[in-house]
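Student: I would like to go through this structure by question and answer. Please end each answer on the value or name I ask for.

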Amino acid sequence: FCYLCCVHVLACCCGSAACSCCCKCCPKIKQSTGTRIMYALYFLLVTVLCAVMMSPTVEQALKENIPFYAEFCQTVNAGEDCKTLVGYAAVYKVCFGMACFFFFFCIFTIRVNNSTGCRAAVHNGFWLLKFIALVACCAGGFFLPNESTFLEVWRYIGAVGGFIFLLIQLMLLVEFAHRWNANWYSGVKYNRLWYAALAFVTLVLFSVGVGAVIFMGIFYTHPEACLLNKIFLGINGSLCLVVSLLAISPFIQKLQPNSGLLQPGVITVYVMYLTFSAFSSKPKEMVVIDGVNTTVCVFPFNSGTESDKKIVTGLGTVILFGCVLYSCGNLNVSFTLQRARCCFCFGDDTEEYDEEQTGSGQNVVYDEREGTIYSYAFFHFVFFLGSLYVMMTATNWFHYDNHKIEKLLDGSWSVFWVKMASCWVCLILYMWTLVAPIVCPKRFVA
């Protein structure tokens, strides 16, 4: 029995079998879901590695706790104290390898329509071999010739790719808001409790949005400073009010009966998060109070300026991985056919699929034998762009000189304007989804 179990695990890691190394007590998992989770773990591992490379704190801890650290660095030709393995240049090289890995699979899986072909088998299996390939790609970046030229060119490629990822992220957020509302609204004719669920969630979202406006108005503005904060908080708050009223206006309701306040509630919360993130990323302002230079418009608690950075970093990480995972399987999936349910993000679970019993391992449901439920190529393309976005974010975009991961959200006007512009793009995209049937009625005729 042990021999067969080991053979199965090796088949999972080195062969085309779906990954099912978990124990049998775990619930069964769809093949498509398991595949996306595995690629997300690859992405997460490299992202953590990039954070470590940009952290002098971690570098110092390695020096102090690893025996013969200096000798090891000389053995692997990594320079004195492994200087070539840290800093923005190392992050660029590692992310270059990860981007190449996902870009190759993006090209490799173009026009894969079901999971029965050899290309689909490579996409859904061979996890150990693919992990080795990912490590080889990341390590290969350190052997590229003409390092200065590579870094200069790759910097601009990363900026373009990171910006495209931001746009896709905003598009996905708008699409998610519409999908959420449509899915829950479809259950109203079967159970009136869905009305209560919609109303409750909408109330919570707008409460969070209004609370964020009040919070930033109190703590991120000052009578003698922070003029940009006052202006943009007023603009963004007003625009959120405008799109909310537009969503429930009679002429929009006539063309889109399912349009309601849930969608603008989601958009409002996200715009307020971006606004808070932009204020936290802006260079600090100081005014003279009682003859003392005092920093104003900063996070009010814990008597320091690091709390807002920790909050923004945590929320930003959750949003980043949420958008990556959500984008991997849902941009190409029709959501109008799904039944109403609380968790709707990864497709319906009512269909009957073939299920493989995997001995002592987790059971796998093969849900793509007839056709893929998401675009494999687009899946990898999003991870390719996500690799570039992580690279630019970890190195503070173009302000990489002497940058440290601990100073990721220190004052930077470039980051401030990127986040503020993202607010407006998000609002414009959502507004366009509301008025598009009016502007282009023929394209929306059933």
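Predicted model: local features only at pLDDT ≥ 70, side-chain atom pairs only at ≥ 80, totals over all residues.

Student: How many salt bridges does the structure hold?
Tutor: Side chains of opposite charge can pair when their charged atoms come close. Here E152 and R155 meet through their side chains in a salt bridge. The count for the structure is 1.

Student: What is the N to O distance in the salt bridge of E152 and R155?
Tutor: A salt bridge needs a side-chain nitrogen of Lys or Arg within 4 Å of a carboxyl oxygen of Asp or Glu. The side chains of E152 and R155 meet in such a bridge, with an N to O distance of 2.6 Å.

Student: Why are E152 and R155 separated by about one helical turn?
Tutor: An α-helix has 3.6 residues a turn, so residues three or four places apart point the same way. E152 and R155 both belong to helix α8, residues 147–185. They are about one helical turn apart because their separation in that helix is 3 residues.

Student: How far apart are the C-alpha atoms of R155 and M392?
Tutor: R155 is found in helix α8. Along the chain, R155 and M392 are 237 residues apart. Their C-alpha atoms are separated by 7.9 Å.

Student: How many disulfides are found in the whole structure?
Tutor: A disulfide is a covalent bond between the sulfur atoms of two cysteines. The cut-off for the pair of sulfur atoms is 2.5 Å. The cysteine sulfur closest to that of C95 is in C50, at 3.4 Å, which is too far for a bond. The search of the whole structure gives 0.

Student: Which class of accessibility does C118 fall in?
Tutor: C95, at 0% relative accessibility, counts as buried. The exposed class starts over 50%. C118 has 63% relative accessibility and therefore counts as exposed.

Student: How far apart are the end C-alpha atoms of helix α15?
Tutor: Helix α15 covers residues 413–439 and has 27 residues. At 1.5 Å a residue, α15 should span 39 Å. The distance between its end C-alpha atoms agrees with this, at 36 Å.

Student: At which residue does α15 bend by about 40 degrees?
Tutor: The buried residues of α15 include F416, Y430, L434 and P437. The proline P437 follows the bend within four residues. The bend of about 40 degrees in α15 is at T433.

Student: How many of the 19 residues of α14 are buried?
Tutor: Helix α14, residues 376–394, reaches 27 Å from its first C-alpha to its last, close to the 27 Å expected at 1.5 Å a residue. N396 follows α14 and has a positive phi, near 60 degrees. The helix α14 is mostly covered, and of its 19 residues the number buried is 17.

Student: What is the phi of R111?
Tutor: R111 is in the loop between α5 (88–108) and α6 (118–124). With a relative accessible area of 72%, R111 is exposed. R111 is not a glycine, yet its phi is positive, at about 65 degrees.

Student: What is the phi of F126?
Tutor: F126 is found in the loop between α6 and α7. At 23% relative accessibility, F126 counts as partly exposed. Although F126 is not a glycine, its phi is positive, at about 55 degrees.

Student: What is the C-alpha to C-alpha distance between R36 and H123?
Tutor: R36 lies in helix α2, residues 31–53. With a relative accessible area of 3%, R36 is buried. R36 and H123 are 87 residues apart in sequence, and their C-alpha to C-alpha distance is 9.9 Å.

Student: Which helix gives the most to the nonpolar patch?
Tutor: The nonpolar surface patch of about 510 Å² is made by L45, L128, L129, F131, I132 and V135. F131 is in helix α7, and its relative accessibility of 34% makes F131 partly exposed. With 5 residues, the helix that gives the most to the patch is α7.

Definitions and conventions:
Residues numbered from 1 in each chain as written. Heavy atoms only, no water. Patch = residues over 30% accessible without salt bridge, like charges linked within 9 Å, V, L, I, M, F, W, Y side chains within 5 Å. Areas by Shrake-Rupley, 256 points an atom, 1.4 Å probe, with all protein chains shown as cover. Helix = DSSP H or I, 4+ residues; strand = E, 2+ residues; numbered from the N terminus. Buried < 20%, exposed > 50% of the residue type's maximum accessible area, 1.4 Å probe, protein only. Expected span 1.5 Å × (residues − 1). Bend = angle between axes of the 7 residues up to and from the residue.
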